[in-house]
Amino acid sequence: MHPRPTGTTATSDLGGPRPSRPVPVPPRIDRWPVAVRSAELQRGTLVRCGPGLRLVGWPESPRVRLHALAPWGADRRIAVMATAAWVWGALRSPDPELDFGTGGGRAAGARAPLTRIREFSCAPDEIIAFGEFRVTAPERTLVDMLRHTASFAPAHRVACRLLLLGVPGGRAALRERIACGRRQYRATALRRLDRL
């Protein structure tokens, strides 16, 4: 699992702490003209990253995958469910329709093509921000997938198993969280958890 992104404190050559360096931010390729993107893709400067694009020099990471979703409104919403599982590296590719949450409010703004907007309520500690982009934390992503994924295909089951590896306390702690949480789809989530 990927650790929660935080600033790091490095040590200087003399052994004392030195200020952390700013984390590099991937460029907003979605703001480039279409002709430039197409040309750079053909040249090999840009490569596919899920449904989006990334510069070849930027290795895939949660931050880079989330930036690749910018054309679908990822800078205005929260990546959730299978889309979030892909961001965390638990799915090889996101579902054909990308899942985004509103973060507690009603769906705002126009819906981008090939997206599903879900009105999820998330606590601040259940959301991780990479600059202007946000994604549900791995444990919240896992709970949402167990509760709300309609088809729960084998790829979703594998993603849930991978996400479960990073849950503090493992399966027992997650079972407790689901059992004490909202009643909606609780039985479905517990049944799916037992089958992982």
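Strand β8 (residues 127-130) and strand β9 (residues 133-136) pair in the antiparallel sense over 4 bridges. Strands count as paired if DSSP finds at least two bridges between them. A129 has R134 of β9 as its bridge partner. The two strands form a hairpin with 2 residues between them. In the turn, G131 has a positive phi of about 65°.

The model is predicted, so local features need pLDDT of at least 70 and side-chain atom pairs count only at pLDDT 80 or more, while totals for chains, interfaces and linings use all residues. Residues are numbered from 1 along each chain as its sequence is written, and side-chain values use heavy atoms, with hydrogens and water left out.

The protein chain contains 7 helices and 9 strands. These elements are DSSP runs, numbered from the N terminus: helices are H or I with at least four residues, strands are E with at least two. Of the 196 residues in the protein chain, 42% are buried. Buried means under 20% relative accessible area, exposed means over 50%, and partly exposed lies in between (1.4 Å probe, protein chains only). The accessible surface of the chain comes to about 10700 Å². Carbon and sulfur atoms hold 54% of that surface. Areas come from the Shrake-Rupley method with a 1.4 Å probe; for residues, only the protein chains shown count as cover. Among contacts with a separation of 6 or more, 53% join residues 24 or more positions apart. A contact means heavy atoms within 4.5 Å.

Axes are lines fitted to C-alpha atoms, for helices over the stretch in contact, and angles run from 0 to 180 degrees between N-to-C directions.

Helix α4 spans residues 138-148. Of its 11 residues, 10 are buried, so the helix is largely enclosed by the rest of the structure. The buried residues include P138, L142 and M145. L146 is also found in α4, and its relative accessibility is 0%. Leaving aside residues up to four places away in sequence, L146 touches F152, C160, L174, I178, T188, A189, R192, L193 and L196. L146 and M81 are 65 residues apart in sequence, yet 9.0 Å apart in space, C-alpha to C-alpha.

The axes of α6 (residues 170-180) and α7 (residues 186-195) come within 10 Å and cross at roughly 170°. That makes α6 roughly antiparallel to α7. Angles over 145 degrees count as roughly antiparallel, under 35 as roughly parallel, 65 to 115 as roughly perpendicular and the rest as oblique. The contact involves R171, L174, R175, I178 and A179 of α6. From α7 come R186, A189, L190, L193 and D194.

The structure holds 1 aromatic pair. W88 and F130 form this tilted pair, at 6.1 Å centre to centre and 55° between the planes. W88 lies in the loop between α3 (81-87) and β6 (98-101) and F130 in β8, so the pair ties together parts 42 residues apart in sequence. Rings of Phe, Tyr and Trp (its six-membered ring) pair if their centres lie within 6.5 Å; planes under 30 degrees apart count as stacked, over 60 as edge-to-face and the rest as tilted. W88 is buried, at 3% relative accessible area. F130 is buried too, at 5%.
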